[in-house]
Amino acid sequence: MNAAVVPEASQPTSELASGPVASKKGQILAWASWDWGSAAFNAVMTTFVFTVYLTSNAFGGEDAASAALGAALAIAGLAIALLAPVTGQRSDAGGRRKLWLGVNTAATAVLTALCFFVFPQPEFLLLGVCLIALGNVFFEFAGVNYNAMLAQISTPKNIGKVSGFGWAMGYLGGIVALLLVLQLFVQPSFDWFGASTQDSLNIRLVAVFSALWFFIFALPVMFAVPEVPARKAASLGFLASYKLLIRRIGAIYRTSPHTIYFLLSSAIFRDGLAAVFTFGGVIAAGTFGFELKEVIFFAIFGNVVAAVGAIIGGFLDDRIGPKTVIVLSLAGLLIAGTFILVLGNGDYVFLGNEWPGSNTFWVFGLLLCLFVGPAQSSSRAYLARLAPEGEAGELFGLYATTGRAVSFLAPTLFTLCIAVASPLVAEGEAQRWGILGIMVVLLAGLLVILPVKPPAKVEIAVVPER
């Protein structure tokens, strides 16, 4: 590579290559503990419990509340897309990656705890959706710095395994947090003041629990992982940071185009991966007739399987490379999704044995979960291998931005496929065709990543200092 392409730049080195020669188990455990704790915000607050409460009839009707929540999250997504790369850049340059991880984590925990004051009355809806939306913004900012730390605690030989371990801890932490929430607050197994449903006290206390869970398990990384050194370019103004960001994106494209290609391709398939979990419960209930209890049980087993997949994928990542793991995972997802789409909720007989529709979803739905974990983990490990020294935060900020930019794809195609199928199939059969929309996104992601080189064959980008 010719460093003269970008005059101000120095000879490029990856942050991973300049990192530790050997990993410290204590640092890895402390880093993964953040993932474990963050699951309380992801699984409890934004997926299964608090947003369900926030969109209930108590807040003026499900439709109006859902629309308000959707609008607030859309605004939050726009803020993340616009601000994430620059916040990552500035934390890198100022040598404050760990500091800003702590600040953003604390902000998320505080906003989560404040949800306790969202009483079940329509006038509290605005407060609730604003707190959840702001929480999402600070959570994503924290995630940028957290992901950037991967290169600090791993080596080229074990980065895949470390990334997979982090994802697995997140999945398992979500299960434990959900089970505790169910047993203590939602369906309490013993009588205590937190079980009271007066003014939805039990659900509002879930917010306090989630805040404490996240904050406590986020503490270890603040003590175990050292701060990155500050760089000379730490004194840029906020607007000047955007100018530098644009110049750096151009420099990355000129000197390491496959880094940009990966950011774009991963944005597509990551949207498909997110849709598997987003719409999995919806399909289980609507197409396969699962009761709420069965959906929760499937969610628990699905997270366990995803955690196992992430760990297995991490080991394979270090041996056959992240791109191969991603390609195999996407192919596995497409195969499993095809079986669910084709078989549907019908009853069949295979080799003299009955095969009810519920078996189809349990077997191939769990197979979907198995492949989601490795694809997510290896995607993070792929990008961490390509981050120029001192630039991991900015690069993972772009990772967040590109993901947000296409996050409409899977939901739109899911809805479109259902709408097209509705007049063509029997009543109650259209929803499963939404799976086809998710598969189209996954297939597009697979096709786009195939020409992208493995990270071992991609040169580290030359980026300007100022």
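Author: A crossing is left-handed if the near helix is turned anticlockwise from the far one by less than a right angle, and right-handed if clockwise. The model here is predicted; local features need pLDDT of at least 70, side-chain atom pairs count only at pLDDT 80 or more, and totals for chains, interfaces and linings use all residues. Residues are numbered from 1 along each chain as its sequence is written, and side-chain values use heavy atoms, without hydrogens and water.

Reader: Is the crossing of α7 and α13 left-handed or right-handed?

Author: Helices are DSSP runs (H or I, at least four residues; strands are E, at least two), numbered from the N terminus. Helix α7 covers residues 159-186, and α13 covers 357-386. Where α7 passes α13, the crossing is right-handed.

Reader: Why are α7 and α13 called oblique?

Author: Axes are lines fitted to C-alpha atoms, for helices over the stretch in contact, and angles run from 0 to 180 degrees between N-to-C directions. Under 35 degrees is roughly parallel, over 145 roughly antiparallel, 65 to 115 roughly perpendicular, and the rest oblique. The axes of α7 and α13 are 9 Å apart, and their angle is about 135°. That is why the pair counts as oblique.

Reader: Which residues of α7 make the contact with α13?

Author: Contact means heavy atoms within 4.5 Å. On α13, the partners include G373, Q376 and R380. On α7, they are I159, G160, S163, G164, G166, W167 and Y171.

Reader: Where does α3 kink?

Author: A bend is the angle between axes fitted to the seven residues ending at a residue and the seven starting there. In α3, the kink is about 45° and comes shortly before the proline P85. The residue is L83.
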